[in-house]
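I opened my notebook to look through this structure piece by piece.

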Amino acid sequence: MDELLRMEGITKVYPNGIVANKNVDFSVRAGEIHGLVGENGAGKSTLMKILFGLNQAEEGRITLEGKEIRVDSPYAAIGHGIGMVHQHFMLVPSLTAAENLVMGLEPRKGIYLDIAAAIRTTEELGKKYNLIVDPKATVRDLPVGIKQRLEILKALFRGARILILDEPTAVLTPQETEELFSQLKLLREQGNTIVFISHKLNEIKELCDRVTIMRSGSVQGTFDVSSVDEKDISRLMVGRDVILEVEKDEAEPAETVLKVRGLVVFDRFKKRAVDGVSFSVRRGEILGIAGVEGNGQGELVEAITGLGAIAAGEVSVNGKDVDGMSIREIREAGVCHVPEDRMTYGCAPNLGVEANLMSCNHDSPEFTGPVFLKGKEIRANSQRLIAEYAVKCSSPLQEVGMLSGGNIQKVVVAREFSSGPSLIVADQPTRGIDVGATEFIRARLVELRDAGAAVLLVSADLNEVMELSDSLIVMYGGKIRAYAPDAKAVGEEELGLYMLGLKNQSSEEIARVVHD
Amino acid sequence: MTKQQRLFEVVRTGLAILIALVIALVIILVVSDDPGDALYKFLLGPLGSFRHFGNVIELMIPLVFTGIAISIMFSAAQFNLGAEGGFFIGAIATAFVAIKFNLPPVIHPIVAILFGSLVGSLFCGIPAVLKVKWGASELVSSLMFNYIAFFFGLFLINYYLRDASAGAMVSFLFKPTALLPKLVPKTRISVGIFAAVALVAVAALFMQKTRWGFRIRLTGANAKFSQYSGIDTNAVVVYSQVIGGFIAGLGGSIELLGMYTRFSWQNLPGYGWDGVIVAILARNNPLFVPIAAFFLAYLRIGADIMSRYSDVPNEFVALIQGTIIILIAASSFLAKYRHKLVFKEATRAVSAGGDR
């Protein structure tokens, strides 16, 4: 097969000084599915953003069919036949599928948009590539899998011959993943080239022809998938053998800490995002919440931690009703919160590590006198936390925004876990961070569980929920669809069916998660 | 902030000022028949006589007050521009006490200044409350409230405090007991300068070393994070602006009792607007405010001297200021250079074997 595209000597430094790519070489052959693997933060997305013109490299060049090209904007990339499907979809939720598809290249009738033509295009293109999308459906109402399909269609409609998919399976259930794979294989048969970013090795094995492995900004090598096994890849990815299993003893649940009964929470659109949910989390157990993102988990967490309003039902912590409490009072009741979006809620990027570590307890008698803050005690405390949580920073005053994702998250968990919580609400605690930090945070959660904390773990990473949780519930459409008293006893397939809402447990089975 | 980045900020501010001065130079060259003399007057005029340098300090004092007032409000990310009105209405309130009350010396100015400050804090607190209650943008409401302060103040002066026997539209003379004693002979520098110095120290301590200052900085840096951390951000929004208003009112009061014997302003004095420039130049850091205030005052007085003693009109100093503000406020000014710096630093760290 001929080489279609080559990137040579790519170096990219972000404004915060993080070197995302160091002298990276990457090449793709025509008509292959090329896997790009690496841990979070290895530089895969950055490399592809450079190829798609979203980022500019400081050094390096890109050649397409032997000719050097300049890709300084996505517009230029599209012009060269390069399309990208992002991790977070770039769709307008309030418009229909057809309108999203033709956006920017609208068929016109006079000065008006020719809706009928747009719909026709969507249908024809969908048939051609076997990517069927209802053209008249509003994007907001589409399931994630279909939104992704629409994104792929969008790229194809713009004439993409090289399709970059950035962790497309991260948001999909096992069933949707399978479907996506068969569609991608069909696209390959039709002569398209696909770059498939992932950190899931089994997917690479199943789908890809060749694979390029990245680690901390550099390429570790490119191989034919048939010639390497998963162990080799994983070693190259991480630099050592990884224990992805979490080591922990059997949970010994004690009395209930978090009690949720008939909870209803509305979302921004006044829809019932959480619709009559009841469960308990006990001392010494980790209860996982599995589910495709956007099925009410976020709103549930907000209601428990006081960031969102409770519409109906009861939430209590250690017997105290949380409704009407301020966030501060909820924190004082022993709740800590690792937020899903760490850059928006979890830290102030422009302030120093120390300021971020003391945001919750800066006014405890330990750290403040009647007027002045106790500088020495605060510094000692931040140095202790930085050491204990192995935060890599140049000083306690370094801006948090300058740290890598994993270290930022360590600052967040150091602050939250050190408050002596009786309930830990951990929302996607290891999303987008390197493997070292992930292992560290998971081990910490288990430690705190053993020390008697109740842990509510929300994660879109199936592997994480299943490994880390003692028991788990599945949410779909704002309701609990299943309860598994032993998280290890459920199969991934079965979990997928619950997550898609294709299967429900009986209400008696679900009611077992209420411990009284 | 690494050392290099701090250096970069200094270089950037310096370069912005330099570019602005070069533009000023070009204008002088074009406008003036004797550009050498005009330039000399502009740049060195304030140092030319004791009185002129005194003018710089006189002008600097109110700018320190408004600069700190605005720094505190901006630190909380509250873009309250009411320091102008707070300064003015605070001075009006002070004038009222200074004219109508009979109090012993020392007590009289203190009462007057305190009253002016309270009125100022009330004034800047209104936009804050409007924001918390109804989500009204403090930027817009404070801007509009400045005019309310101005016309309401003039109304009070004209109908209740006006001295009909004086030729102009001015108030009665203040009671001598209310005036702040002059500190430096031959200038109008009063003991108010001590208040300014003390304020700088107190404000710096407040912002850096107390929990209330910490909450202001945290809320300003990321309000959602602050709220998540259990901080009552609404309270922070209100008290940061009330404090800012207090300081603006304090500045107006001290300015009035230190420099004048009766209330004679017919326009908003503009110190609130200049305070915005000072706060931006000082990067909202109270410790840098005196430096920024001195710089701006020097620029103003220099331009004033030049316009009096040469053929260059005073107006162009506004042009220089505008250029400086644009260059400093534009965060991507020299961004490419900054990125190169980051790139160099990062690649050096990598080649030195450092891993992130």
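I began with confidence: chain B averages a pLDDT of 87, and 91% of its residues score at least 70. (pLDDT is the predictor's confidence in each residue, from 0 to 100.) Over residues 352-356 of chain B the pLDDT is below 50, and this stretch has five contacts in the model beyond near neighbours in sequence. I count two residues as in contact if their C-beta atoms, placed from the backbone, lie within 7 Å.

I noted that this is a predicted model, where local features need pLDDT of at least 70, side-chain atom pairs count only at pLDDT 80 or more, and totals for chains, interfaces and linings use all residues. Residues are numbered from 1 along each chain as its sequence is written, while chains are lettered from A and ligands numbered from 1 in the order in which they are written.

For the complex, I found an ipTM of 0.83 and a pTM of 0.81 from the predictor.

Next I checked where the chains meet: 31 residues of chain A are in contact with 23 residues of chain B. On the chain A side, strand E2 (19-29), helix H10 (327-332) and helix H11 (342-346) each supply at least two residues. (Helices, H or I with at least four residues, and strands, E with at least two, are DSSP runs numbered from the N terminus.) I sorted that side of chain A into 16 nonpolar, nine polar and six charged residues. (Ala, Val, Leu, Ile, Met, Phe, Trp, Tyr, Cys and Pro count as nonpolar, Asp, Glu, Lys and Arg as charged, and the others, Gly among them, as polar.)
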